Protein chains: 2
Amino acid sequence: MAVGTETRLDSTQLLDRMAADLESVSNRVLEVTELSYPVASSVIREIVLAGGKRLRPLLVLLAGRPFAYEQQFDALVTAAAGVELLHIASLVHDDTIDHAAVRRGKPTLNSVMSVGGTILVGDFLFAQSAMLAARTGDVRVVAVFADTLGKLCDGQLLELFDAHKLDQELDTYLRRISGKTASLFAGAAEMGAILGRASEVEIQEIRSFADETGLAFQIRDDVLDLTTTDLALGKPAGNDLRQGTVTLPTLLYAQQVDPASADWGFLNRVITDDDVSEDEIGELIARIRASGAIQEALALADDFQQKALRRLEIIRTSEHRENLARWAELALAAG
Amino acid sequence: MAVGTETRLDSTQLLDRMAADLESVSNRVLEVTELSYPVASSVIREIVLAGGKRLRPLLVLLAGRPFAYEQQFDALVTAAAGVELLHIASLVHDDTIDHAAVRRGKPTLNSVMSVGGTILVGDFLFAQSAMLAARTGDVRVVAVFADTLGKLCDGQLLELFDAHKLDQELDTYLRRISGKTASLFAGAAEMGAILGRASEVEIQEIRSFADETGLAFQIRDDVLDLTTTDLALGKPAGNDLRQGTVTLPTLLYAQQVDPASADWGFLNRVITDDDVSEDEIGELIARIRASGAIQEALALADDFQQKALRRLEIIRTSEHRENLARWAELALAAG
């Protein structure tokens, strides 16, 4: 928990500085995920140890850091572990739904276990994450936790049922990515600020900072799916189109296309049909990129990012402002 | 909430007396399960309205009733709705795992929706149930809630992974049914007593009463699978054997059989093989019934039931003792 005196740092330095605290979080996650079923237990252990970017637990800690961090350290670590475990539980169910084979470079639980097993292990991890939220002893933190889980499920249900509609409003898209991605960032930040005993206005601004960063993160992630190739992303570009998911660039492109035209027919076919060729995916990607929709989407992401950063003015100490700004850079670099 | 003066009542009278309060619980469940996805929304509504036996929310209310019931009524209704929703969420995932087609006389969610959809709707219902627990504003209730969910998952995981072992200890069987069934009864009773502001010793005795009733309930349910036929149970007798699940009567029978004998080979084959004929299931049921294992299992259920009822001596008012005793009768009649 040593606090440096410099006010400028890069994100690697931020991670170095927070390494010991993040280690406490991982240990708490491991403690509560001990299972008496050897296969599930070792797979979960590998997922936790592989670590991922730990953006969410880091955010819980950093949101509490400008305030009563030392006094509330144990509760903050508990909440951060709860948030990370909620994220892992949600990934276990996501991977089951998507039949994903690899996560964080390791085989997914669903690749070594029945659907029934992964549903139950995911539920068990949800239970343990709720237990950690309860263990903070703060009923408001528990309420934020439950609300976050509800929003997360709502976003995922929207993705499953409504994501293939070409005529969706921008608001529908934003509600979907807000639930799917930004809600957990926003909830993590809110829990951290509450436990740090920030003032109400500080709590709300820090929550909004995380929420808007989450929106920027997900828009960039959606853009990347259309602009980068296998190697950089670790998955084939155009994956969203292949699954029939309409993300922001596709939505903005669709708004330019006449619903009576052949172009619309082509667009509609790629999104809704099951037997679309790789050439057709490539052709649609080219059309979207030529339309300016990518730039328009990135401009919206930038708006959210700038709005998010201005929220940090509420934090008086420049060092703690810097920490959160670097966290946002880390998050957006990951997006 | 009218309280009668008679001290003897049958279970129908108990349900009549509690009907208005149970209606408040159902309304609260419906409020928080409004979904913007028409199919899921109407299926969930049907499951809630079909009602089932509502044993768990009834228990929350009755556990709070001897104490500060009127003052704490709103929190008790909220907790009861949370418990019922947790039960429904768990049924949604169970039915998905078991590929069940009908629940409470209605088509299951998984019969009209993809696996991905039912996983997410189940998760959403877990989220809403956690939100209701948080809304009681009592951090201990939330902790009991999270602990109950954890035990429930543990019991179901044990059923999935260990239930087919013929050499399991009685303790393993009890831990499994304790998690799968008794934990939610015990948690419901504990939440009700806590919210009713019972004393610590009252809370523990009421919890144990519900826990032991749950064990008796599940043992009887397991026995029924070997002793009743289609019509009474609504499912084919011997279902557990067909799925390779070793319940108490089978376990007790296995303890009498020499592992080197042909009888053991037959038993082992029925439990572990996939291509077992109906005749073989019938033959194994006949052997188990002839062995006295059914009577032995029922005697253990009776022990738990008697132990449970003695716990009620902690409750001073005979009327409230009676209410809980009638609840146990209702539960055991359902088992």
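## Overall form of chain A

With 335 residues, a compact globule would have a radius of gyration near 20 Å, and the 20 Å of chain A agrees with this. The model described here is predicted. Along the principal axes, the C-alpha atoms of chain A fill a box of roughly 65 × 50 × 35 Å.

Chain A contains 16 helices and two strands. Of its 335 residues, 51% count as buried. Among contacts in chain A with a separation of 6 or more, 74% join residues 24 or more positions apart.

## Confidence

The model scores ipTM 0.88 and pTM 0.90. For chain A the average pLDDT is 90, and 94% of the residues score at least 70.

One segment to treat with caution is residues 1-7 of chain A, where pLDDT stays under 50. For this segment the model has seven contacts beyond four places in sequence. Where pLDDT is low, the predicted coordinates should not be read in detail.

## Helices 5 and 6 of chain B

Two of these elements also meet each other within chain B. The axes of helix 5 and helix 6 of chain B come within 8 Å and cross at roughly 155°. Angles over 145 degrees count as roughly antiparallel, and helix 5 of chain B and helix 6 of chain B are therefore roughly antiparallel to each other.

From helix 5 of chain B, the residues B:Ala130, B:Ala133 and B:Ala134 meet B:Val141, B:Val142 and B:Phe145 of helix 6 of chain B. This contact has six nonpolar residues, with no polar and no charged residues. An α-helix has 3.6 residues a turn, so residues three or four places apart point the same way.

## Helix 3 of chain B

Helix 3 of chain B, residues 55-64, is mostly covered, with ten of its ten residues buried. The buried residues are B:Leu55, B:Arg56, B:Pro57, B:Leu58, B:Leu59, B:Val60, B:Leu61, B:Leu62, B:Ala63 and B:Gly64.

## Individual residues

In chain A, A:His99 lies in the loop between helix 4 (73-98) and strand 1 (102-103). Its phi is near 55°, a positive value in a residue other than glycine. A:His99 is exposed because 11 other C-beta atoms lie within 10 Å, and a residue with 12 or fewer such neighbours counts as exposed.

In chain B, B:His99 is placed in the loop between helix 4 and strand 1 (102-103). The phi of B:His99 is near 55°, again a positive value in a residue other than glycine. B:His99 counts as exposed, as it has 12 C-beta neighbours inside 10 Å.

A:Ala299 belongs to helix 15 of chain A, residues 293-311. With 10 C-beta neighbours inside 10 Å, A:Ala299 counts as exposed. A:Ala299 and A:Glu202 are 97 residues apart in sequence, and their C-alpha atoms are 27 Å apart in space.

Technical notes. Residues are numbered from 1 along each chain as its sequence is written. Chains are lettered from A and ligands numbered from 1 in the order in which they are written. This is a predicted model: local features need pLDDT of at least 70, side-chain atom pairs count only at pLDDT 80 or more; totals for chains, interfaces and linings use all residues. pLDDT is the predictor's confidence in each residue, from 0 to 100. Two residues are in contact if their C-beta atoms, placed from the backbone, lie within 7 Å. A residue is buried if 20 or more other C-beta atoms lie within 10 Å of its own, exposed if 12 or fewer, and partly exposed in between; C-beta atoms are placed from the backbone. Helices (H or I, at least four residues) and strands (E, at least two) are DSSP runs, numbered from the N terminus. The radius of gyration is taken over C-alpha atoms; the globule rule is 2.2 Å times the number of residues to the power 0.38. Axes are lines fitted to C-alpha atoms, for helices over the stretch in contact, and angles run from 0 to 180 degrees between N-to-C directions. Angles under 35 degrees count as roughly parallel, over 145 as roughly antiparallel, 65 to 115 as roughly perpendicular and the rest as oblique. Ala, Val, Leu, Ile, Met, Phe, Trp, Tyr, Cys and Pro count as nonpolar, Asp, Glu, Lys and Arg as charged, and the others, Gly among them, as polar.
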